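Biologist: Before the details, I would like to go through how to read the features of a model like this.
Modeller: Take a look at it, then ask.

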Amino acid sequence: MELKDLKPAEGATKNRKRVGRGPASGTGKTSGRGMNGQKSRAGGGKGVGFEGGQTPLARRLPKLPGFKNINHVEYLPVNVSRLDEKFEAGDVVDGESLKAKGIIKHADALVKVLGDGDLTKALTVKVDKVSASAKAKVEAAGGKVEEPC
């Protein structure tokens, strides 16, 4: 078998409909458009997106630019300087303790610790994410960062 021998499967291809080629073709004269009316005219018919006079979907949707990724995950940022203010040495930093200290509103919110500021106390950090600079500062102060971050 060679490339020249390949053919589509039987019945997989059809000839295109050639309209307006005389009465014997079956699609002559009015070319399958019927007698009169809007859809029989050249350029006739409703526009794309016309919904019978109802405000079209494209005009009902909010006119916001850009793209919103439905899988985007939002983290609440907490800097190490804030942890240094609010926590004592040896404390565990997690969702519950952050809520108790008034840093976040909900204990189950996703939190990311960022490295802005200085940390002088040894803390155990158990949050969802920790930036590389924050991890370095926590470990330099004698603390530790535990998973799931």
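**Surface, charges and sheet**

Modeller: A nonpolar surface patch is made up of M1, L3 and L6, which together have about 450 Å² of accessible area. Keep in mind that this is a predicted model.

Biologist: Is L3 buried or exposed?
Modeller: Exposed means over 50% relative accessible area. L3 has 76% relative accessibility, so L3 counts as exposed. L3 lies in the segment before α1 (57–60).

Biologist: How many salt bridges does a search of the whole structure find?
Modeller: Side chains of opposite charge can pair when their charged atoms come close. The search of the whole structure finds five salt bridges. Among them, E2 pairs with K4, with the closest N and O atoms 3.6 Å apart. E2 is partly exposed at 49% relative accessibility, whereas K4 is exposed at 69%. R60 and E51 form a salt bridge too, at 3.5 Å from N to O.

Biologist: Which residue forms a salt bridge with E146?
Modeller: K144 does, and the closest N and O atoms are 3.5 Å apart. Salt bridges with shared partners link K126, K144 and E146 into one network.

Biologist: In what order do the strands of the open sheet come?
Modeller: The order of the three strands is β1-β3-β5, with parallel pairing. β1 (76–79) and β5 (129–130) are at the edges with a single partner strand each, so one side of each has no neighbour in the sheet.

Biologist: What is the bridge partner of V113 in β5?
Modeller: The partner is V130. Strand β3 (residues 111–114) and β5 are joined by two bridges.

Definitions and conventions: Residues are numbered from 1 along each chain as its sequence is written. This is a predicted model: local features need pLDDT of at least 70, side-chain atom pairs count only at pLDDT 80 or more; totals for chains, interfaces and linings use all residues. Side-chain values use heavy atoms; hydrogens and water are left out. Two strands pair if DSSP finds at least two bridges between them. Helices (H or I, at least four residues) and strands (E, at least two) are DSSP runs, numbered from the N terminus. Patches are made of residues with over 30% relative accessible area and no salt bridge: like charges are joined within 9 Å, nonpolar side chains (Val, Leu, Ile, Met, Phe, Trp, Tyr) within 5 Å. Accessible areas come from the Shrake-Rupley method with a 1.4 Å probe; for residues, only the protein chains shown count as cover. A salt bridge is a side-chain nitrogen of Lys or Arg within 4 Å of a carboxyl oxygen of Asp or Glu. Buried means under 20% relative accessible area, exposed over 50%, partly exposed in between (1.4 Å probe, protein chains only).
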